[in-house]
Amino acid sequence: MMRIDFRANVQRVPPNMPPSVRKATTRFLGTRANVVNIFGDERWQQLRQAGHDVRLHTINHLDYYLTRLEENVASAGGIVHWARDAEQARQIVLAIAREHNVKRAVKVKSMATEEIGLNHALIDAGIQTLETDLGEYIVQLAGEGPSHIIVPAVHLTKEGIADLFTQKLGVNAPPDPLELCAIARTKLREEFMSADLGISGANFLVAETGTLVIVTNEGNGRMCTTLPPLHIAVVGIDKVVPDFESVNVLLKLLPRSATGQKISTYTSFITGPRRSTEEGGPQEFHLVLLDNGRTRVLRDPVARETLLCIRCGVCLNVCPVYNHVGGHAYGAVYSGPIGAILAPQLLGVKIAGDLPFASSLCGACADYCPVKIPIPKILLRLRHRVVEGDHVQDAITSAPMRAGARAGSFALSQSFLYALGSQIVKIFQAPFQRAGWLTHLPPPANRWTMTRPLPAFNANFRAWFRKRTPAGRARVQKRKLGIGLLFAGIAALGAWWLARRKK
Amino acid sequence: MNAREQILADVRLALKRTTDAPVLPIPGSARIAPRVPGDANAEIEMLLGEITKLGGATRRISRAEMRAALAQIARDDAVKKATLWETQELKAWDIADALRDLGIEIISPHADKRALAECDLGITGADAAFPETGTLLLRSSPEKPRAVSLLPRVHLAIITPEILRADLAPAFAEVKGEGYWVFVTGPSRTADIELTVTIGVHGPKALRVWVMDGGS
Amino acid sequence: MRVQLFLTCLGENFFSSTLQDLVRVLERIGVDVAMPEGQTCCGQPFYNSGFQSQAIAPARNFLRVFAPTDGYIVAPSGSCVDFVRHHLPELFQDPREHSIAQEIAARTYEFSEFLVRVLNVRDVGATFPHKVTYHASCHALRGLGLREESKELLRAVKGLELVPLNEEETCCGFGGVFSVIYPEVSASMMHAKIANIQASGADYVVMGDPGCLMNIAGGLHKIGSPIRALHTIQVLAANGGAQ
């Protein structure tokens with residue numbers, strides 16, 4: 001995988017992207033505010049703390065809860081597989097699909113399956129694989145990636161979607177959301193009926209019973225996990241929760257934070273395959289537990305809290321950087337603040353080292369995160385990993401850069417050098433000054449002045465302060481004398497050296 | 001080492017745990033106090049109010065009003081084919097007979113999925129209801145097939161007041177040993193196209209909830 | 001009472017007059033001001049850009065300068081105080097240095113925090129008869145939990161009309177090194193903040209952080225806007241004359 005170049009990606013963001021993204025984020029923050037206010041601030045903060053504490057407890061005992069989960073899924077008749085990385089996970093799913101002679105698969109939206117590039121692998125193997133969440137279905141038809149985690153097609157207009165349906169589905173599609181939904185419903189209904197395989201992720205995995213919890217609004221989640229005879233779930237190992245009491249807490253946090261609903265339309269609870277033919281449901285159920293870098297995230301006690309994430313997307317909604325660039329700029333499956341901390345850990349800093357810096361550290365995400373992930377703290381931790389390295393990964397900054405930082409650190413810790421520097425820069429800025437501003441500076445300082453001027457350096461406070469007291473004035477005199485003697489000494493040395501050279 | 005062993009070993013190494021390391025109890029701060037319910041009538045009103053806000057149609061109904069109510073929705077929802085749970089409750093209320101008397105064809109809930117998808121109406125009960133969010137909990141069993149609340153165009157749930165629960169926790173305690181249950185909150189919806197909320201996507205286009213407790 | 005001034009590197013190099021104003025305001029309300037010599041930078045820029053080990057030398061100088069002092073340390077910047085309070089002590093593994101750092105951190109305050117929460121003062125005798133709007137700098141707001149303090153001080157200024165700013169708490173795009181690592185995004189955020197400032201109808205926008213001020217003042221100057229960006233302290237020092 002190629003290194004993610006955030007700045008280059010930003011420069012390629014089409015102009016319609018930020019306004020559409022902002023429409024979605026503003027909407028969701030508004031609806032969220034309504035449902036959070038119903039709880040009142042005290043109960044909401046208690047809930048957030050409970051969400052944080054139960055998730056952290058789980059992550060800190062992950063081996064225990066994973067083994068319990070596995071036991072319980074197996075005793076319910078489910079088959080558990082473990083996948084170290086994306087390639088292994090793809091191979092596992094392909095093997096199950098081939099064994100069952102699968103020709104057509106329907107999918108519920110799942111970040112984990114996007115992480116492992118499952119769709120391409122299945123399609124390359126000749127298995128028709130259809131996304132069934134409306135937004136995902138639309139972007140799949142368009143051949144694009146999702147621009148927002150909850151509403152993946154928010155950057156497309158109804159006219160654009162109507163054209164897309166007309167072209168790709170061979171129907172006469174009017175630019176009306178209700179009609180477009182009806183078209184999708186009809187098309188996908190047949191797909192649900194004839195699919196051999198339903199693929200999903202899961203929002204939570206309940207260790208106590210081996211239960212998958214799947215949260216959706218459209219009903220496709222239920223369709224994919226009820227109608228086909230075979231169900232495969234691909235889920236990150238970080239999705240485990242201990243018990244249903246935890247689910248109670250997390251279900252109060254997730255929908256409110258994500259879309260501002262008190263609860264989503266459908267929440268499915270699935271433990272193994274069906275237990276009787278008459279009730280309907282899949283005959284066979286497989287759970288693929290995915291690592292794909294999550295064990296690396298665990299290694300750092302601070303950055304480990306990244307795994308508390310319940311994928312609500314509220315950090316994206318509130319992040320000013322995300323609102324100005326959209327999801328594609330992050331170049332990874334996960335974008336926004338969570339992407340900025342998760343991607344560099346899953347993919348490593350060599351690939352995603354730009355992302356911890358794709359933040360102004362404003363901290364709004366941490367205020368909103370329903371499970372209180374300390375995102376700015378983790379961003380700082382990962383910046384340190386990128387620039388100086390740590391026990392998890394080596395640094396990727398160049399030696400000259402690090403030497404420069406050492407020099408700067410030295411200069412800024414020596415009061416004489418610092419004071420001298422403040423005065424020298426006042427001299428050297430003269431050619432660039434216009435009425436108290438520096439409007440054009442040479443590189444690398446032009447990275448500031450290309451968009452706005454810098455105020456002129458004017459460090460004269462200390463002199464002003466010192467002159468207010470006799471003791472201060474005396475000190476100023478002594479310094480001037482000292483500097484005068486220093487320059488005199490340098491001049492004398494210079495003259496002596498020149499005289500020696502002439503000889 | 002296979003993938004399972006490798007992953008668990010890496011987890012333990014990262015957490016500095018051994019295979020028999022103790023598991024601390026879940027901290028008290030990870031739990032929240034349950035919701036305190038209002039009186040029985042207020043809870044029913046809250047439940048129906050929440051469902052209505054989400055675009056569901058609700059009413060309170062008595063045994064005597066059942067036939068007329070079914071006739072009404074048969075007309076309003078243009079019902080030609082219907083399917084229903086085979087529970088004692090629905091049998092006791094003679095729902096299937098009432099529908100047949102209206103000229104509606106009853107499809108077995110165990111029929112092929114395509115046949116069920118052609119049903120206009122699917123009737124279930126519910127195993128729990130949560131007023132705070134307007135949610136119904138539906139279990140799955142031979143007499144409660146999953147597709148009845150999923151495939152037909154309209155889903156009608158007829159419930160009784162004693163299934164109401166103040167909060168999720170007690171309901172979870174009752175069902176957690178089972179293989180499948182689903183929470184249903186309102187008709188299916190999406191906002192994926194320009195954020196315009198559209199009701200009726202893949203799940204039922206309409207949800208009706210009747211509380212059988214003595215009357216309108 | 002006598003307080004120690006923590007100049008901050010941005011404050012000292014770009015906003016000397018604001019530091020002078022801080023001295024005037026404090027003296028006006030009867031607080032003496034000392035300026036510990038030898039201070040440099042606290043180390044935040046290194047820490048925030050990932051060079052945590054390079055933050056130690058400047059931070060150690062900060063300890064060296066402030067350890068012999070006593071009493072409150074006051075700074076014209078929320079981000080510097082946030083760094084000193086929440087990150088500087090953890091840079092020091094040595095128990096002695098760590099404890100010195102904690103002791104200093106415990107008495108370091110942002111100016112509005114000091115005036116309102118420590119001295120319980122709102123009216124500092126200022127007059128500024130203009131329409132003003134307030135931008136909430138991120139570190140003072142979320143790092144130090146300061147939401148109302150500056151606004152209370154501004155409301156007590158004679159003649160000042162405080163008008164609301166849409167998206168008051170949204171980041172202006174400075175973010176320290178962020179502004180030069182991703183200049184396009186930073187500028188986009190700055191433009192959005194400026195659009196909100198223009199829409200507020202105010203003639204002045206004030207804020208408590210030199211970083212935000214450099215960014216917003218520069219942006220306003222570039223578009224030739226008549227709106228002036230000031231540090232909150234400049235308004236608190238004002239006594240009727242034009243700025």
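The model is predicted, so local features need pLDDT of at least 70 and side-chain atom pairs count only at pLDDT 80 or more, while totals for chains, interfaces and linings use all residues. Residues are numbered from 1 along each chain as its sequence is written, chains are lettered from A in the order in which they are written, and side-chain values use heavy atoms, with hydrogens and water left out.

## Which chains touch

Two parts are in contact when heavy atoms lie within 4.5 Å. Of the 2 pairs of chains that touch, chains A and B have the most contacts. Chain B and chain C do not touch, and their nearest C-alpha atoms are 22 Å apart.

The size of an interface is often given as the accessible area lost when the parts come together. Buried area here is the accessible area (1.4 Å probe) that two parts lose on being put together, summed over both.

| Parts | Buried area | Share on carbon and sulfur atoms |
|---|---|---|
| Chain A and chain B | about 7,400 Å² | 59% |
| Chain C and chain A | about 5,400 Å² | 63% |
| Domain 1 and domain 2 of chain C | about 2,400 Å² | 68% |

## Chain A with chain B

Chain A brings 99 residues to this contact and chain B brings 75 residues. A salt bridge is a side-chain nitrogen of Lys or Arg within 4 Å of a carboxyl oxygen of Asp or Glu. By that rule, 11 salt bridges cross the interface of chain A and chain B. One of them joins Lys158(A) to Glu194(B), at 3.6 Å from N to O.

A polar contact is a pair of N or O atoms within 3.5 Å; within protein, one must be able to donate a hydrogen and the other to accept it, and residues adjacent in sequence count only if both atoms are side-chain atoms. Between chain A and chain B, 39 residue pairs are in polar contact, both residues being at pLDDT 80 or more. Helices (H or I, at least four residues) and strands (E, at least two) are DSSP runs, numbered from the N terminus. Helix α10 (residues 177-194) of chain A supplies the largest share of the side of chain A that touches chain B, with 12 residues. That side of chain A has 44 nonpolar, 28 polar and 27 charged residues. In this count Ala, Val, Leu, Ile, Met, Phe, Trp, Tyr, Cys and Pro are nonpolar, Asp, Glu, Lys and Arg are charged, and the others, Gly among them, are polar.

## A sheet with strands from both chains

Two strands pair if DSSP finds at least two bridges between them. An open sheet of 7 strands runs in the order β8(A)-β5(A)-β6(A)-β9(A)-β8(B)-β6(B)-β5(B), with mixed pairing. At its edges stand β8 (240-241) of chain A and β5 (128-130) of chain B, each with a single partner strand, so one side of each is left without a neighbour in the sheet.

Strand β9 (residues 266-270) of chain A pairs with strand β8 (residues 180-184) of chain B in the antiparallel sense over 5 bridges. Here Phe269(A) stands opposite Trp181(B). Within chain A, strand β5 (residues 204-206) runs parallel to β8(A) and is joined to β8(A) by 2 bridges, with Val206(A) opposite Val241(A).

## Chain C with chain A

This contact takes 63 residues from chain C and 57 residues from chain A. On the chain C side, Phe14(C), Phe51(C) and Tyr182(C) lose the most area to chain A, together 12% of what that side buries.

The interface of chain C and chain A holds 6 salt bridges. Glu12(C) forms a salt bridge with Arg462(A), with the closest N and O atoms 2.5 Å apart. There are 26 residue pairs in polar contact between chain C and chain A, both residues at pLDDT 80 or more. Helix α11 (residues 183-200) of chain C gives the most to the side of chain C that touches chain A, with 9 residues.

## The two domains of chain C

Domain bounds come from an automatic or database domain assignment. For chain C, that assignment gives domain 1 (2-117) and domain 2 (122-237). Their C-alpha centres lie 22 Å apart. In the contact, 27 residues of domain 1 of chain C meet 28 residues of domain 2 of chain C.

The count between these domains is 1 salt bridge. Arg117(C) forms a salt bridge with Glu149(C), the closest N and O atoms being 2.8 Å apart.
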